[in-house]
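This report covers a ligand site, a pocket and some backbone features. The sequence and the structure come first.

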Amino acid sequence: MARKVSIFGATGSIGQSTIDLIARAPRAYEVVALSGGQNIARLAQDAIRLGAKIAVTADESRLDELRGALAGSGIMAAAGRTALLEAAAMPADWVMSAIVGAAGLEPGLIALRGGATLALANKESLVTAGPLLMATARASGARILPVDSEHSAIFQALVGEQMEAVERIIITASGGAFRDWPLERLAHATPAEAATHPNWDMGQRITIDSASMFNKALEVIETKEYFGIDPRQIEVLVHPQSMVHALVGFNDGALMAHLGAPDMRHAIGYALHYPQRRDLPVERLDLAKLGLLEFRAPDDLRYPALRLAREVMAAGGLSGAVFNAAKERALDGFIAGRIGFMQMADVVEEALTQMSSQGGHIDADITLDNVHKIDQLTRARTDEVMERLG
Ligand code: NAD
Ligand code: MG
């Protein structure tokens, strides 16, 4: 029987890679819902190609356009946040969570409540509400499979192992666009310069987050939440080749590394076929040709986001939601030219300090409602911080 699948964030980088895999075996899947944002043409085209039941755009004002693009196909068109959440509630066996930002949390929670296996690319879900997400999966008996290259790598290195035997987890970072820039130059880096990645082809936001290491900061928190490991056992190494995605160190001194070409179809395909392994259309590494793999410790001055992640994990509670929201707004500010590249970390740090000293909010229970409230509050506060700087 065909597996029912839905893809949220279908028009993005991860969404398109997911569709690439699914379109290769059309008879194996029955596509329920696809969601997108502004790219109506692509959304409609993929919905028709895959024979989806429903296509949803997050933008309410684009409904007519989507209807027009789907005319005669028999595919339902819908728009807006409520429609997106309703689509997430449609029964499915496997759901790809690939919306970017905190907006991806709720659709994922709804899919888990319905018992779907959640392929989780949206790392913001674990950063903002890790305990809630994991508890929701436990309560419904649904599985979350990581679709971040590092976390998929850790997951694979842990197959057949016991968590008690794990001493440390090392995630690697390419170092992003500015890895080899002199520190003084970073203050003047432009969004266009930050949005080019040396190894990976990804969405604009995560690519800039790679240059600032806010992406790695989110991933350290993601590691803590998903694998339930002490933050002191998580390390980050700069690895310019992006071939080793993560390593797991065990109590007997063994270090299990996961290597693969930098192609997200590996992590997506692993989550799609789990617990089996199937042939995937990804490049096979030629290690002899590669010759060298380099590793080095990240520079604290260059990457203040990593220090902030440690502080967030120590504070716990809703501070992950504060961190993510402040980061999202600071990134908006950088893309809009309101603040400089290195100011993003200053802005996030100031927002974190202000939100923690307010009392009550960060310690509140991690419920969807509280996450949403503190997210909104933090965004407003972060805007004020940027206003004062600009
Ligand atoms: P992207 O920008 O290419 O695509 C984002 C998708 O989300 C699009 O379909 C867009 O229409 C949709 N979207 C954006 N804002 C929305 C909103 N408010 N409501 C509903 N839909 C919205 O992003 P991406 O690079 O594919 O990343 C998606 C997620 O996967 C992110 O959480 C990212 O951190 C994570 N991730 C990406 C990669 C990668 O290689 N691209 C790797 C690991 C993890
Ligand atoms: Mg990653």
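## Ligand 1: contacts and shell

A backbone N or O atom of valine 100 lies 3.4 Å from an oxygen atom of ligand 1, a polar contact being a pair of N or O atoms within 3.5 Å. Alanine 121 also places a polar backbone atom 3.4 Å from an oxygen atom of the ligand. From threonine 11 a polar side-chain atom lies 2.7 Å from an oxygen atom of ligand 1. The protein buries 83% of the 830 Å² that ligand 1 exposes when taken alone; these areas come from the Shrake-Rupley method with a 1.4 Å probe.

There are 22 residues around ligand 1, and Thr11, Ser13, Ile14, Gly37 and Glu124 come nearest; a residue counts as near if one of its heavy atoms lies within 4 Å. By class the shell has 11 nonpolar, 8 polar and 3 charged residues, where Ala, Val, Leu, Ile, Met, Phe, Trp, Tyr, Cys and Pro are nonpolar, Asp, Glu, Lys and Arg charged, and the others, Gly among them, polar. Domain 1 (3–146) and domain 2 (151–260 + 282–290) each give at least three residues to this shell, with bounds from an automatic or database domain assignment.

## Basis of the model

This is a predicted model, in which local features need pLDDT of at least 70 and side-chain atom pairs count only at pLDDT 80 or more, while totals for chains, interfaces and linings use all residues. Residues are numbered from 1 along each chain as its sequence is written, chains are lettered from A and ligands numbered from 1 in the order in which they are written, and side-chain values use heavy atoms, leaving out hydrogens and water.

## Second largest pocket

The second largest pocket holds about 320 Å³ of space. A pocket is an open set of points on a 1 Å grid over the protein atoms alone, where a 1.4 Å probe fits, with protein on both sides within 12 Å along at least five of seven lines; lining residues have an atom within 4 Å of a point. The volume is the space filled by probe spheres set on the points, which are joined across faces, edges and corners.

Of its 17 lining residues, Arg81, Ala102, Ala103, Asp375 and Arg379 are the closest to the centre. Helix 16 (368–389) and helix 5 (105–113) each supply at least two lining residues, and helix 16 gives the most, with 6; helices are DSSP runs (H or I, at least four residues) numbered from the N terminus. The lining has 7 nonpolar, 4 polar and 6 charged residues.

## Backbone features

Tyrosine 274 and proline 275 are joined by a cis peptide bond, with omega about 5°. Proline 275 lies in the loop between helix 11 (265–273) and helix 12 (287–290).

Conventions: Polar contact = N/O pair within 3.5 Å; in protein donor to acceptor, adjacent residues only side chain to side chain.
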